[in-house]
Amino acid sequence: MSRVVITMPKQARPGEIIEIKTLAAHAMETGFRRTERGELLPRDIIRRFVCSYNGVEVFRAELHPAIAANPLIAFNTVATESGTLSFQWIGDNGFAVTETAPIRVE
Amino acid sequence: MTTRRQFLLAAGGVGLSVGAAGVRAQRAPNEEALRKAAYQEALHKVVGDAQLRRGRVKLELPPLIDNGNSVPLAVAVESPMTAADYVKAIHVFTQKNPLPDVVSAYFGPRAGRARLQTRVRLADSQTVVAVAQMSDGSFWTDSTDVVVTLSACLEDGLI
Amino acid sequence: MSARSGCLVLAAAAGAVLQFTHAAEIAPAERRSGYEYMGRDTRLMQDDDATNPGMLWVLDGETLWKRKAGAAERSCQDCHGEAPASMRGVAARYPAFDAARGALVNLEQRINACRSERQKAEPFKYESRELLALTVYVGLQSRGLPIAPTIDEKTRPFLDAGDKFFHLRQGQINLSCAQCHDDNAGHRLAGTPIPQGHPTGYPLYRLEWQSVGSLQRRLRNCLFGMRAQSYEFGAPQLVELELYLMWRARDMKIETPAVRP
């Protein structure tokens, strides 16, 4: 199940720097582990995380296998205007999750 | 010299998610050197021949961690984050993991603060390095040493 | 409580190589959750619902709580309403005696009993994502409440069996749970701190597992590490041990979903 948890304020003053914390359910299989029979478990990770604010990209991260399972990504953005923040996780094997959250800026 | 960790991995203990490349009877004797070289190459890919200066970057990891599978990491860069002067990217590297790259985060003036918090996997006690790429083309760096120990009882993937 | 063998005291007196010193049970005031043995950053990970990976399973649990299932086409919610109200305090008093079965059951078994009897659905496999999610969701509703399993004439025999098991020397290294978790809690085993072993936060996110897992998973792993015979999920020995551990941790606060190394 590709669950995510997004924690951010619902409201902010214009120009305020807000903090956004995200969690995504994903094993982040490194590609280095083997089964007990010695078979290599193929890499299967989230590769990219993008945050867009009313359609404009404001933050991006490229992830590698060294990112822990169920990745936490916490970052900041400036509250410029009311609208919608969109969060996208893209990974191997067609993994793609998008969630949105509204923000009121006044 | 075979360290305890190498012996356990060879014996089939896979308590770590990131270890040597699989369970083998013997690890490459120069593996550490190979990984160090991979790190140098990854660093060079980002920085090129530009000067890498210490400062402005603050990389935080706990000095002694509870488990190498999930180590909290926070990196922040001092910057006004205006259109004229901002942090373009922060890159994090390790020197002893199977792969040197950990994460690259991309910022702009809209970020407000050039800061990233996440959790990483560390295969061994080592130095973690953060490199910040500024809008004026300069590169700044910080590094932190972390001690990583194995669990006392490896569970061999037992559920 | 139980008769403690004097051999450990003798060995210590004889100045044996034995590193274990014999001590009595941990006094109630001296009990410490595994939380206190963790590094600051791991504690912060647990404290903040925004960064606690266990919350991902809680979300799944919330979804499953509302999902109609089985031939009866019923959801947990249909009978139990909103979990924060109906499930408050429930996890704190498990394992409990199930009169219909005449047996001690843990929370996972109770949930599966509802699945098969009330929802007429297939019970979830032990340690499946679904069962973990529902158990942690129910467990969350007891967060902050004191652990309080019911000990009466029905459960006393099970408590005694669990007590005996905890103090039993087992396996290739002839080690008992008590020797680490009563006698040597706070010391280190190969660099890792030995906690007292109170199940205050189960199901919990264990960094070693990179997943949420149940108390029985942890117990099975411990037995494996002790090189003693392990038991299948749901085995009476494990449920009895769960009861003993919860009784031993009585009045300590539930932390589900906890984070542990």
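Not counting residues up to four places away in sequence, Ile90(B) touches Val75(B), Val77(B), Ala105(B), Ala114(B), Leu116(B), Ala130(B) and Ala132(B); a contact requires C-beta atoms, placed from the backbone, within 7 Å of each other. Ile90(B), Val75(B), Val92(B) and Ala130(B) have the most contacts inside the largest nonpolar core, which has 111 residues. Such a core is a set of buried Ala, Val, Leu, Ile, Met, Phe, Trp, Tyr and Cys residues joined through C-beta atoms within 7 Å. A residue is buried if 20 or more other C-beta atoms lie within 10 Å of its own, exposed if 12 or fewer, and partly exposed in between. Helix H7 (residues 129–140) of chain C gives the most to this core, with eight residues. In soluble globular proteins, nonpolar side chains tend to be buried together.

The model is predicted: local features need pLDDT of at least 70, side-chain atom pairs count only at pLDDT 80 or more, and totals for chains, interfaces and linings use all residues. Residues are numbered from 1 along each chain as its sequence is written, while chains are lettered from A and ligands numbered from 1 in the order in which they are written.

Chain C has eleven helices and seven strands; helices (H or I, at least four residues) and strands (E, at least two) are DSSP runs, numbered from the N terminus. Its overall dimensions are as follows.

| Property of chain C | Value |
|---|---|
| Radius of gyration | 19 Å |
| Span of the C-alpha trace along its principal axes | about 65 × 45 × 30 Å |

Buried residues make up 41% of chain C.

Helix H10 (residues 215–225) of chain C is mostly covered, with eight of its eleven residues buried. The buried residues of H10(C) pack against strand E6 (211–213) and helix H11 (236–248) of chain C. After H10(C) comes Arg227(C), with a positive phi near 60°.

An open sheet of ten strands with mixed pairing runs in the order E2(A)-E8(A)-E7(A)-E4(A)-E5(A)-E5(B)-E4(B)-E7(B)-E8(B)-E1(B); strands pair if DSSP finds at least two bridges between them. Strand E7 (residues 83–91) and strand E8 (residues 96–105) of chain A pair in the antiparallel sense over eight bridges.

Notes:
The radius of gyration is taken over C-alpha atoms; the globule rule is 2.2 Å times the number of residues to the power 0.38. Two residues are in contact if their C-beta atoms, placed from the backbone, lie within 7 Å.
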